[in-house]
Amino acid sequence: MNPTLSAAVTAPQAGTQDAEARILELARSLTLEQQVKLLTGADVWSTHAIPEIGLSRVVMSDGPAGVRGEDFDERHDSVSLPSSSALSATWSVETARRYGQVLGQEARRKGVHAVLGPTINLHRSPLGGRHFECMSEDPRLTATMAAGYVAGVQSMGVGATPKHYLANEAETERFTADSVVDERPLRELYLAAFEDAITEARAWLVMSSYNSINGTTASENKLLETPLSTEWGFDGVVVSDWTGVRSVEAANARQDLEMPGPVGHWGPKLLTAVNEGRVSREAILEKVTRILRLAARVGSLEGFEPAVTELPTQLDGAAVAREVAVRGAVLVRNNGILPLDAKALSRVAVVGHNADEARTQGGGSATVMPKYTVSPLEGLRKALPDDVTVTYARGAKVAEGIQPFPRASLHNPVSDVPGIRVTFLAEDGTEISGEDRLASHLIWFGIGIPDGAASIRMETVWTAETEGVHHLGVGTVGRIRFVLDGAEVFDSELEDGTEVLGAALFDPPKTVHAIETAAGQNVRIEAEYRLPEQQVIPFTAILLGEETVVADPRTEIDAAVEAARNSDITVVVVGTNAAIESEGFDRKDLHLPGYQNQLVEAVAAANPRTVVVVNSGSPVLMPWLNKVSAVLLGWFGGQEFGNAIADILLGTEEPGGRLPTTWPAALEDVPVLNTTPVDGKVVYSEGIHIGYRAWLKQEAEGGAAPALPFGYGLGYTSFELGKAHAPQVVTAGNDVMVHVPVRNTGSRTGREVVQVYLERSDSTVERPVRWLAGYAGTHLAPAGTESVEIRIPAKAFAYYDGGWQFEQGTFRLLVGRHASDDFQALEIELR
């Protein structure tokens with residue numbers, strides 16, 4: 001380390017005036033070559049170290065619902081939290097903070113300095129492929145929950161990274177699409193969703209998106225400066241989405257860090273541009289200063305005290321995962337059947353592919369490797385008394401393509417331990433190294449494959465659980481050899497027919513081969529994959545597993561009906577699959593895949609005491625909604641999903657969630673639907689009317705209403721909202737405090753969420769019919785009361801027209817439980 005620059009006896013804390021002066025001094029001490037080098041990643045997940053100034057690398061990791069670390073190795077397991085749509089359904093900033101703290105804890109455990117989350121793009125269309133990874137259709141709910149998440153992460157001294165800035169609400173043509181958005185909706189909706197995470201939680205990073213906004217790609221867009229840096233005071237690092245920097249021009253914007261590295265669009269090209277005067281040295285110095293400031297904050301810069309020196313009390317990650325799954329689950333129908341009385345049950349039928357093979361997280365970069373997951377079937381079996389018989393029927397196939405083998409079914413024949421033997425081979429076939437893996441879905445992204453490896457060999461012995469024909473296969477992109485019990489069944493190329501980056505992770509091309517076995521029979525499986533000679537990004541994914549093949553769907557439904565008919569209660573778990581909800585593509589429709597709708601109808605006809613659990617990250621159509629006894633939306637519920645579902649169904653816990661997004665009854669009813677660019681452009685022609693705002697506008701014009709309104713959700717008890725109180729006259733620019741007395745009038749402890757909307761029917765400017773202005777929750781015992789305080793920020797009254805404008809006059813303040821409630825109304829005069 002440079003002794004001149006480390007001479008101070010006392011290390012200043014990041015963020016202090018002294019620290020800022022020394023960071024600038026350090027930045028100036030670097031040569032131009034060192035400065036430019038620092039602006040592009042050292043590898044896939046980290047920045048360059050400069051030991052001579054005491055700078056070690058800053059490691060980043062996906063998020064946003066778990067911290068994977070620098071690899072996809074299942075031996076390095078992660079806590080898997082429920083998806084962001086489940087988190088936002090809690091309508092609880094404190095829950096978001098706890099969620100964020102667990103992510104911060106996980107980051108520290110894995111040597112990660114910055115979590116790439118939260119994802120806070122809005123649910124503009126229910127067809128959005130990463131809907132599950134985002135929070136809500138409403139900017140106020142999104143902003144407050146995102147701020148809680150960021151505060152939680154950063155309380156652990158780990159940077160949070162709100163993403164994807166900006167107007168990145170779809171996946172179709174996501175690298176090149178141009179989001180065309182007028183200034184007013186850009187400010188009131190899409191920027192507003194990010195604002196609290198920056199201005200209140202003071203996020204240390206922001207990720208720029210792939211898309212363009214109004215003709216300029218995000219990494220070069222002036223929005224990185226205004227409002228982000230100028231109006232909101234953001235002093236952190238703008239990191240690109242991976243490969244999101246497109247040219248040297250991004251260096252003239254407020255884009256600070258290009259990822260991944262070491263090769264990108266900056267490097268030598270940027271050095272040349274600076275020497276030729278096309279990019280100023282001041283711009284480079286500013287970026288370097290921001291990166292050093294981040295390093296100081298997270299403890300990667302010697303001579304500086306990190307921003308956080310006292311950590312909060314450690315949380316139990318699994319307990320928080322279960323808590324969020326319970327509090328985010330939304331009960332949308334209940335004819336009184338729930339909660340179930342376990343003592344009154346003797347036979348329970350559990351039906352559905354997702355009951356046994358639940359989707360606990362979404363696909364893509366959000367993927368983490370949990371130590372375990374609990375399915376609804378497993379959760380109910382554990383929670384019900386021993387004298388209750390639980391029968392299971394798949395009913396309808398949901399999972400498409402090859403699914404990984406259950407870990408318990410695999411035995412490593414080389415090391416004589418559970419799992420798979422993986423061997424890395426040189427060009428001449430000699431062994432370089434080997435490792436014992438636990439899972440059959442193997443992924444390497446930038447790390448893990450040794451230098452000189454030309455191929456990867458995988459060996460395992462799989463034990464069939466049932467007799468019959470099994471369809472075993474391998475999925476990947478590239479040359480693969482596949483051998484079953486010594487017989488070579490495939491030796492050829494599997495080609496990627498998509499243009500989706502990392503398609504081998506989401507939905508790989510595959511080869512599948514039928515083999516008949518007895519129950520308990522062992523099958524030796526070998527595969528050898530030829531590594532490509534060159535890769536732009538070092539990414540390899542290989543999936544060994546079994547594909548579900550159903551010869552006669554009617555037979556599957558009939559078996560489920562028989563199970564339902566002979567049971568006291570039937571729990572049907574329906575849901576989506578990885579081919580429907582994942583990063584990289586948008587949805588084509590909102591239907592449940594396969595024959596699940598027919599399954600629910602048939603089971604409900606056989607047993608009226610049918611409860612449906614929906615295991616999806618975003619809205620699906622439920623044509624049977626009013627034909628079953630109860631419906632619980634469980635989202636992608638994380639590793640504790642099954643335990644949480646059992647807690648709710650059996651009444652140990654109350655479903656605490658409220659809808660963060662409107663659920664339609666039919667696709668054609670959705671007012672804002674399209675996510676497909678036309679001539680490269682996605683035009684946000686709806687302006688300020690998205691989500692429930694668009695639905696309310698449509699209803700006011702005589703159009704269709706949704707199946708389930710924004711903010712809706714039931715519980716196991718009842719509440720009474722008393723007379724709300726708010727000032728009758730307020731001065732523009734000031735926040736407003738609303739107080740609402742709430743009383744639990746039921747017989748169980750429960751949670752209520754008080755929602756406050758604003759309305760201005762006589763406005764001289766276009767307004768939504770009503771819009772969410774604030775909310776607050778309360779948890780009350782029977783007969784318990786509380787005066788709930790809801791803060792309405794000053795900007796809730798404003799509209800954007802070249803600046804924030806306040807229209808004087810009378811607003812109606814509406815107090816209720818969801819966006820289409822029978823509201824209690826107060827009038828407020830804005831002066």
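The model is predicted.

**Stop 1: the parallel sheet**

Select E1, E2 and E3. They form an open sheet of 3 strands in the order E1-E2-E3, with parallel pairing. The edge strands are E1 (60-62) and E3 (159-160), each pairing on one side only. Now keep E1 and strand E2 (residues 114-116). These two run parallel and share 3 bridges. To see how they line up, pick Met-60, which stands opposite Ala-114 in E2.

**Stop 2: helix H8**

Move to residues 281-298, which make up helix H8. How many of its 18 residues are buried? The count is 15, so H8 is mostly covered, with buried meaning under 20% relative accessible area. Draw a distance between the end C-alpha atoms of H8: they are 26 Å apart. Step on to Gly-299, which follows H8 and has a positive phi, near 85 degrees.

**Stop 3**

Select residues 420-425, strand E15. Here 6 of the 6 residues are buried, so the strand is largely enclosed by the rest of the structure. In a regular strand, side chains alternate between the two faces of the sheet. Colour the two sides of E15 separately. Ile-420, Val-422 and Phe-424 lie on one side. Arg-421, Thr-423 and Leu-425 lie on the other. Both faces are covered, and these residues are all buried.

The bridge partner of Ile-420 in E16 is Arg-437.

Thr-423 has Arg-457 as its bridge partner in E18.

**Stop 4: the antiparallel sheet**

Select E29, E31 and E34. These 3 strands form an open sheet in the order E29-E31-E34, with antiparallel pairing. Which strands stand at the edges? They are E29 (719-721) and E34 (785-792). Each has a single partner strand, so one side of each is left without a neighbour in the sheet. From one strand to the next, the twist averages 30 degrees.

Focus on E31 (residues 736-744). It is joined to E34 by 8 bridges.

**Stop 5: the nonpolar cores**

The largest nonpolar core has 95 residues. Val-740 is among those that touch the most other members, together with Tyr-165, Leu-166, Leu-758, Ile-790, Ile-792 and Val-815. Helix H6 (residues 183-199) gives the most to this core, with 8 residues.

Show everything around Val-740, leaving aside its neighbours within four places in sequence. It is in contact with Leu-721, Gly-722, Ala-724, Val-754, Glu-786, Ser-787, Val-788, Ile-790 and Val-815.

Another core, of 56 residues, lies apart from the largest one. To find it, select Phe-72, Val-248, Ala-250 and Leu-301, which are among its members.

**Stop 6**

Most residues other than glycine have a negative phi, and most peptide bonds are trans. The last selections depart from this pattern.

Start with the prolines. The peptide bond from Gly-261 to Pro-262 is cis, with omega near 5 degrees. Pro-262 is in the loop between strand E8 (237-240) and helix H7 (268-275). A cis bond also joins Leu-338 and Pro-339, where omega is about 0 degrees. Find Pro-339 in the loop between strand E9 (330-334) and strand E10 (347-351).

Return to the loop between E8 and H7 for Thr-243. Its phi is positive, about 75 degrees, although it is not a glycine. Thr-243 is partly exposed, with a relative accessible area of 31%.

Finish at Asp-485, in the loop between strand E20 (478-484) and strand E21 (487-494). Asp-485 has a positive phi too, near 50 degrees. It counts as partly exposed, at 41% relative accessibility.

Definitions and conventions: Residues are numbered from 1 along each chain as its sequence is written. This is a predicted model: local features need pLDDT of at least 70, side-chain atom pairs count only at pLDDT 80 or more; totals for chains, interfaces and linings use all residues. Side-chain values use heavy atoms; hydrogens and water are left out. Helices (H or I, at least four residues) and strands (E, at least two) are DSSP runs, numbered from the N terminus. Buried means under 20% relative accessible area, exposed over 50%, partly exposed in between (1.4 Å probe, protein chains only). A nonpolar core is a set of buried Ala, Val, Leu, Ile, Met, Phe, Trp, Tyr and Cys residues joined through side-chain atoms within 4.5 Å. Contact means heavy atoms within 4.5 Å. Two strands pair if DSSP finds at least two bridges between them. Axes are lines fitted to C-alpha atoms, for helices over the stretch in contact, and angles run from 0 to 180 degrees between N-to-C directions. The expected span of a helix is 1.5 Å times one less than its number of residues.
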